[in-house]
Amino acid sequence: MENCIFCKIAAGEIPSQKVYEDENMIAFKDINPQAKVHVLVVPKSHFATLADMNADQAELVKQCFVNIPHIAESLGLTNGYRLIVNQGQDAGQTVHHLHIHILGGQPMGEKML
Ligand code: AMP
């Protein structure tokens with residue numbers, strides 16, 4: 001999609017610190033990390049939120065979750081990690097292309113907020 005920063009990263013038009021890529025998804029380091037390890041997992045197909053997802057895109061999201069433990073292991077996250085998927089305004093979603101945050105490399109605490 002035009003003017004979507006994550007579509008441009010997925011297409012290789014904008015540089016990223018890639019940690020994983022296959023034909024359907026890409027994972028790269030967040031430009032403004034909120035934890036020692038902060039990686040974004042992004043299906044290459046453009047849709048903003050789970051509410052906008054079609055059946056094919058749901059399959060890609062499933063593949064993202066199947067791959068996340070392998071990506072986490074490759075990042076050295078052997079002691080756990082947190083996943084966040086911001087959905088819309090109240091969640092503070094700033095990039096309107098669905099993505100899963102992987103946060104870890106440190107104790108995250110028991111509180112989510
Ligand atoms: P969200 O608030 O869930 O929409 O998260 C968007 C995330 O994308 C934020 O954590 C940003 O720091 C991150 N971000 C924005 N632009 C880039 C970029 N060019 N490369 C890597 N991460 C980015």
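Trainee: Why is Cys 4 called buried?

Mentor: Cys 4 has 7% relative accessibility and therefore counts as buried; the term means under 20% relative accessible area, with exposed over 50% and partly exposed in between (1.4 Å probe, protein chains only). The model is predicted, so local features need pLDDT of at least 70 and side-chain atom pairs pLDDT 80 or more, while totals for chains, interfaces and linings use all residues. Residues are numbered from 1 along each chain as its sequence is written, and side-chain values use heavy atoms, without hydrogens or water.

Trainee: What makes Cys 7 buried or exposed?

Mentor: Its relative accessibility is 12%, so Cys 7 counts as buried.

Trainee: How do you know how many disulfides there are?

Mentor: A disulfide is a pair of cysteine sulfur atoms within 2.5 Å. By this rule the count is zero. Cys 4 is in no disulfide, its nearest cysteine sulfur being that of Cys 7, 3.7 Å away. From the side of Cys 7, the closest cysteine sulfur is likewise in Cys 4, and 3.7 Å is too far for a bond.

Trainee: Which aromatic pair does a search of the whole structure find, and why is it called edge-to-face?

Mentor: The search finds one pair, formed by Phe 6 and Phe 28. Rings of Phe, Tyr and Trp (its six-membered ring) pair if their centres lie within 6.5 Å; planes under 30 degrees apart are stacked, over 60 edge-to-face, the rest tilted. Here the centres are 5.4 Å apart and the planes 75 degrees, so the pair is edge-to-face.

Trainee: What parts does the pair tie together?

Mentor: Phe 6 lies in helix α1 (residues 5–10) and Phe 28 in strand β2 (residues 25–29), so the pair ties together parts 22 residues apart in sequence. Helices (H or I, at least four residues) and strands (E, at least two) are DSSP runs, numbered from the N terminus. Both Phe 6 and Phe 28 are buried.

Trainee: What makes a residue part of the lining of a pocket?

Mentor: A lining residue has an atom within 4 Å of a point; on a 1 Å grid over the protein atoms alone, with a 1.4 Å probe, a pocket is an open set with protein on both sides within 12 Å along at least five of seven lines. The largest pocket has 24 such residues, and Phe 6, Asp 30, Ile 31, Asn 32 and Leu 40 lie nearest its centre. Helix α1 gives the most to this lining, three residues.
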